[in-house]
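Please consider the structure shown below.

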Amino acid sequence: MGRRPIGKPPGVLLLHGDGSTWQGVTEPFGAGMLNGIVADARGRPGRIAGWDFWDQPRAHHLRWDGTAWVSERGPVATTPVVMNALVKVPGSDGYRAAGTTPASASSTALPHIER
């Protein structure tokens with residue numbers, strides 16, 4: 001059996017409910033963390049911010065397109081990026097995501113904000 005790479009977290013657990021049952025969502029997010037969620041105009045989950053172990057220098061966001069979660073990636077950074085919060089910009093269709101770079105809390109961690 002293969003070993004898990006150092007620092008790799010277990011797989012993300014994301015569930016989608018249709019009002020009567022819950023189903024696990026395995027794609028498009030594998031190993032990492034889901035840290036922030038924002039509702040759509042109807043109050044349902046619409047966007048999720050996170051961190052993808054396999055693509056650490058870019059923020060990984062999920063967008064609900066009405067039928068499935070779709071990946072959206074931030075710009076490439078020079079160090080790992082972990083997005084911790086996500087907010088909708090009032091009066092627009094835009095979002096702001098905030099987090100840190102590098103991935104682990106340290107004296108070198110800097111704020112990281114994306115639109």
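The account begins with the basis of the model and then turns to its salt bridges.

The model is predicted: local features require a pLDDT of at least 70, side-chain atom pairs count only at pLDDT 80 or more, and totals for chains, interfaces and linings use all residues. Residues are numbered from 1 along each chain as its sequence is written, and side-chain values use heavy atoms, with hydrogens and water left out.

Side chains of opposite charge can pair when their charged atoms come close. A salt bridge is defined here as a side-chain nitrogen of Lys or Arg within 4 Å of a carboxyl oxygen of Asp or Glu, and the whole structure contains five of them. One of these joins Arg47 to Glu72, with an N to O distance of 2.7 Å. This pair links distant parts of the chain, since Arg47 belongs to strand 4 (residues 45-52) and Glu72 to strand 6 (residues 69-73), 25 residues apart; strands are DSSP runs of E with at least two residues, numbered from the N terminus. Glu72 also forms a salt bridge with Arg63, where the closest N and O atoms are 2.6 Å apart. With a relative accessibility of 25%, Glu72 is partly exposed, and Arg63 is likewise partly exposed at 26% (buried means under 20% relative accessible area, exposed over 50%, partly exposed in between, with a 1.4 Å probe and protein chains only).

A further salt bridge connects Arg73 and Asp55 at 2.9 Å, N to O. Arg73 lies in strand 6 and Asp55 in the loop between strand 4 and strand 5 (60-64), so the pair ties together parts that are 18 residues apart in sequence. Asp55 is buried at 15% relative accessibility, whereas Arg73, at 33%, is partly exposed. Both residues belong to a network of salt bridges that links Asp52, Asp55, Arg58 and Arg73.

The sheet formed by three strands is open, with the order 7-8-9 and antiparallel pairing; two strands pair if DSSP finds at least two bridges between them. Strand 7 (82-88) and strand 9 (110-114) are at the edges, each with a single partner strand, so one side of each is left without a neighbour in the sheet. Strand 8 (residues 95-101) pairs with strand 9 in the antiparallel sense over five bridges, and the bridge partner of Thr100 in strand 9 is Pro111.

Note on methods: Helices (H or I, at least four residues) and strands (E, at least two) are DSSP runs, numbered from the N terminus.
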